[in-house]
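Please look at the sequence and the model first, and then follow the sections below.

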Amino acid sequence: MLSLILPTYKERESLPILIPKIVESLGAAEYEIIVVDDDSPDKTWEVARGLAQRHPQLHVIRRVGRRGLSSAVIEGFLAAKGDVFVVMDADGQHDIGLILKLADAARENGGMSMGSRYMEGGSVGDWTGFRAWASRIGTALAHWVCQVRVTDPMSGFFAVSRGTFEEVLPRLNPKGFKILLDLLVHVPANTQVKELPFSFQERIGGVSKFSTQVRLQYLEFLYDATVGRYLPLTLIKYCVVGVMGVAVNLAAYAIVSLLLNESPQFGLFSTPLLAGIEAAIVFNFFFNNAWTFSYAKLRGWKAVTGFAKYNVVCAFGAFANIAVTAFLYRGGMGTVSSLAIGAFIGMMWNYTIGRLFTWNV
Ligand code: GDD
Ligand code: MN
C-alpha cells in the first residue's frame, strides 16, 4: 500500500481542488492519503475532514500546539500503513502524475526516489530572481552534507520506503522545513535514490510558508548536520548569553554599590555581589528561554518553576566555579587562568544541567 502524506498549513483553498485530482490520478491503486494539518487558523483541517467524508482513503491529523513541516511529515509517516510513503506539497505545485512512479521506484530499489527540478526535463517554473538564486545557493550548500548526491536535495517531493525511514528515524531532526534533506543526510551512503524530472507549478491558492524564519532554520540545520555534531548550536548560544550575562552582572553590581553607597568589597555575601549574580541569572534565564532553547520554551507557570529550578542549578554552578578557582589558585596557577577555568567549568555545569533539569531537552 502507498501512503501519500500531505502536510498542510493554511491550504483551505487548494485541498478541495487537489484531492479529487489525486483520487482520479491514483485510480485503482491501493493507497491512503494522510493530511497532517498544524491547526491552521483558516481551518484547513475542517475542509480536509469534509473531503474525507466523500473519500474514505483520506485521513486527517490535526496537530494542536505544534508547528513545523518536518515534524508534520514525520508524524504522517508514523501514522501511515503503507510500505512506501510519498510526500507532496498540498498546494498543487508538485506533479500528481509522478506519485505512482515515485512510489514504484522507491519500492523497487528499497530506498528512496524524488522529483527533481534541476535535471534534464525538469524546471523551477517562473520563479523570481531572488527565489531562484536562494534555491541554487541552498542546493549548493546541501551537497556537502548529503550522503547521496542528488540534483535537487531541496525539492519537497519524494518517496521513501518504510524500511529506510525506520532505519533513520532516531537520527532525524524534527526542526524546520527540510525533511527530504534530513533523510539524505542520514541514510546509509549506499542507499539507492532514483530521480525523476518534474516542473514546479504555480500554487493553486494561498501563499508560500517559505519565510525568512524558515531560511534561518535552514542555516541552523546545516550547522547541526556538520559542526553541530561536535559543538551544539545551543552551547554556542548559551555562551553568547553567558558573556552578556557577565556584563549584566557587573553593571548591576556597580549600580547597587552606588545606591547603597558601599565601597567595593568582595565579601561572599555583600549585597551588591548577590544583586549582580541574581541580575545575571534573571537575564540568562530570560534569553536562554527565549532564544537558546526557544524550541522548548517555558511559558506561564512552567516558566516560573523553571526559573526557580534554574536558580538552584546556578547555585551549584557558582559553587563549582568557586571551588575549581580556589583549587587551581592554591595549586599555584595564576589568578586570571584560575578564574577563567573556574568560570568555564561553572558555565558548562549550568549549560548541561540547566538544559536537562530546567528545559528538559
Ligand atoms: N503541517 C504543516 N506545518 N505543513 C506545513 C508547514 C507547517 O508548519 N509549513 C508548510 N507546510 C506545508 C504547506 O502547506 C505546503 O503544503 C507544504 O508544506 C510546502 O510548503 P510551501 O509553503 O508550499 O513551500 P514552498 O512551495 O514555498 O517551498 C517548496 O520549495 C522548497 C524548496 O525550494 C516546497 O516544495 C518545499 O518542500 C521545498 O523544500
Ligand atoms: Mn508549495
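## The manganese site

In this predicted model, the manganese ion (ligand 2) is coordinated by Asp89 (OD), Asp91 (OD) and Gln93 (OE1), at 2.0 to 2.1 Å, where donors are N, O and S atoms within 2.8 Å of the metal (3.2 Å for Na, K and Ca), and water is not among the atoms, so sites may look incomplete. Along the chain, the donors of this manganese ion are spaced as D-x1-D-x1-Q.

Aspartate 89 is partly exposed, at a relative accessible area of 24%, whereas glutamine 93 is buried, at 11%; buried means under 20% relative accessible area, exposed over 50%, and partly exposed in between, with a 1.4 Å probe and protein chains only.

## The surroundings of ligand 1

Ligand 1 is surrounded by 27 residues, of which the closest are Glu11, Arg67, Gln93, Ser208 and Lys209, a residue being counted if one of its heavy atoms lies within 4 Å. The shell divides into 11 nonpolar, 6 polar and 10 charged residues, with Ala, Val, Leu, Ile, Met, Phe, Trp, Tyr, Cys and Pro counted as nonpolar, Asp, Glu, Lys and Arg as charged, and the others, Gly among them, as polar.

An N or O atom in the side chain of glutamate 11 is 2.6 Å from an oxygen atom of ligand 1, and a polar side-chain atom of serine 208 lies 2.5 Å from an oxygen atom of ligand 1.

## Basis of the values

Residues are numbered from 1 along each chain as its sequence is written, while chains are lettered from A and ligands numbered from 1 in the order in which they are written. Local features need pLDDT of at least 70, side-chain atom pairs count only at pLDDT 80 or more, and totals for chains, interfaces and linings use all residues, while side-chain values use heavy atoms, with hydrogens and water left out.

Note on methods. Polar contact = N/O pair within 3.5 Å; in protein donor to acceptor, adjacent residues only side chain to side chain.
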